[in-house]
Amino acid sequence: MPPEPEAIAEQVFAALADPTRRAILAALASGGPATATDLADRLPITRQAIAKHLGLLAEAGLVTAEPGERRRVRYRLRSAPMRVAQQFLAALARDWDGPLDALRDHLDR
Amino acid sequence: MGFPDRIERTVELAHPPAKVWAALTTAEGLGTWFGDQATIDLRPGGSAQMTWAGGHAADMRVERVEEPTVFGFTWHINGLPEDDPRRTYVEFTLEPAGAGTRLTVIETGFAQLPDDAYRKAFEGNTQGWASELGELASYLDAA
């Protein structure tokens with residue numbers, strides 16, 4: 001069974017609701033793939049906390065683990081689930097009321 | 001369902017369908033009430049574009065043209081990268097209502113699954129986790 005869009009979006013929003021996971025995702029988005037140690041150097045978060053959150057993010061499919069140098073696991077952001085979450089946001093952000101009001105005004109003119 | 005796939009609005013307009021149809025399907029109409037400027041090739045498969053003074057643009061592909069009752073097009077989902085193939089479908093339906101028009105707009109496709117390539121990536125991911133998490137666990141144990 002492929003995952004439902006709603007389930008994927010929920011994983012993304014749950015991840016983003018936590019400030020530590022948000023910081024980790026933001027760091028991976030801006031700086032590219034990194035190890036837990038790299039992230040601990042860059043963020044005011046302990047390496048243990050980062051490793052725990054990376055595990056949760058990996059389980060949710062939001063980051064992917066890949067072999068790095070010296071047998072260190074590197075984490076890379078996965079964009080596909082983010083795109084599904086963006087679809088949800090696009091539906092919320094779609095404004096038909098404004099254009100339909102404008103259509104009415106245009107016709108009445 | 002928490003993930004809205006479909007947006008629907010109905011408005012009553014005090015103008016006959018022919019006039020509403022022109023506002024929806026001509027460059028002059030679309031470029032006045034919707035975009036700041038518009039172009040449209042009004043036939044199934046034809047291209048249409050609206051642009052706004054701020055530099056934003058919306059590219060549409062005309063899908064249904066049944067004058068003066070149904071006009072449908074697809075367009076890009078806002079916020080997704082330009083190269084993403086997913087699009088939503090917008091359909092306007094015009095019904096005479098007294099001397100005016102009942103106009104319904106339905107936009108669908110927000111909850112569509114990604115295309116097959118993405119779908120495979122998701123499935124591959126789910127299956128791959130067992131081994132990758134195993135590696136993570138051994139790495140953490142060794143640290």
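In chain B, 33% of the contacts with a separation of 6 or more join residues 24 or more positions apart, a contact being a pair of residues whose C-beta atoms, placed from the backbone, lie within 7 Å. The model is predicted: local features need pLDDT of at least 70 and side-chain atom pairs count only at pLDDT 80 or more, while totals for chains, interfaces and linings use all residues. Residues are numbered from 1 along each chain as its sequence is written, and chains are lettered from A and ligands numbered from 1 in the order in which they are written.

Chain B holds three helices and seven strands, arranged from the N terminus as β-α-α-β-β-β-β-β-β-α. Helices (H or I, at least four residues) and strands (E, at least two) are DSSP runs, numbered from the N terminus. Of the 143 residues in chain B, 18% are buried, that is, have 20 or more other C-beta atoms within 10 Å of their own, with C-beta atoms placed from the backbone.

Helix H1(B), residues 17-25, contributes Val20(B), Trp21(B), Ala23(B) and Leu24(B) to this buried set. These residues fall within an arc of 160° seen down the axis of H1(B), so they line one face of the helix; the arc is that of the directions from the helix axis to the C-beta atoms. The partners against which they pack include helix H6 (97-108) of chain A and, in chain B, helix H2 (27-34) and strand E1 (6-13).

Turning to chain A, three strands form an open antiparallel sheet in the order E1-E3-E2, where pairing requires at least two DSSP bridges between two strands. Strands E1 (34-35) and E2 (63-67) of chain A are the edges, each pairing on one side only. Five bridges link E2(A) to the antiparallel strand E3(A), residues 73-77, and Pro67(A) stands opposite Val73(A) of E3(A).

Terms used. Buried ≥ 20, exposed ≤ 12 C-beta atoms within 10 Å, placed from the backbone. Contact = placed C-beta atoms within 7 Å.
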